[in-house]
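Open the model in your viewer and keep the selection tool handy. We will go from stop to stop.

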Amino acid sequence: THLGHSFPTRRLPISGATALLGFGGGSVIDAGKAMSYFSNQRNGTYLPQIALPTTLSAAEFSIIAGYSNKEGTKVGVIDREISPKVRTSPRLLWRN
């Protein structure tokens, strides 16, 4: 099933979510930042994100969220409020 790029942001208002959890690489963390940004655009409220990165992309420290628009073109948003509020190091997930 193809849900489309806007499926998460369409469902977010009715989900009752008050925060986001991003567990994965840079694309996952960026998706959470974009969802927070669009939540603010629609509802006037940013959703805080907890970032649990599994790669060294450093997306959890950035105020930029990259994503693909409806046409498949890579675009992005910049907003200081979308940077994850809680972060952990991917090193905590790696085995020694």
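In which strand is Ile50 found? Select strand 2, residues 49-53, and you will find Ile50 there; strands are DSSP runs of E of at least two residues, numbered from the N terminus. Before moving on, note that this is a predicted model, where local features need pLDDT of at least 70, side-chain atom pairs count only at pLDDT 80 or more, and totals for chains, interfaces and linings use all residues. Residues are numbered from 1 along each chain as its sequence is written, and side-chain values use heavy atoms, leaving out hydrogens and water.

Stay in strand 2 and pick Leu52. Its relative accessibility is 27%, so Leu52 counts as partly exposed (buried means under 20% relative accessible area, exposed over 50%, partly exposed in between, with a 1.4 Å probe and protein chains only). Leaving aside residues up to four places away in sequence, Leu52 touches Leu21, Gly22, Phe23, Gly24, Ile29 and Thr88, where contact means heavy atoms within 4.5 Å.

Next, follow the chain to Ala58, in the loop between strand 2 and strand 3 (64-68). Check its phi: the value is near 70 degrees, positive in a residue other than glycine. Most residues other than glycine have a negative phi. Ala58 is partly exposed because its relative accessible area is 38%.

For the last stop, select Ile82. Again not counting residues up to four places away in sequence, Ile82 touches Lys33, Ser36, Tyr37, Tyr46, Ile63, Ile64, Ala65 and Val77.

Note on methods:
Helices (H or I, at least four residues) and strands (E, at least two) are DSSP runs, numbered from the N terminus.
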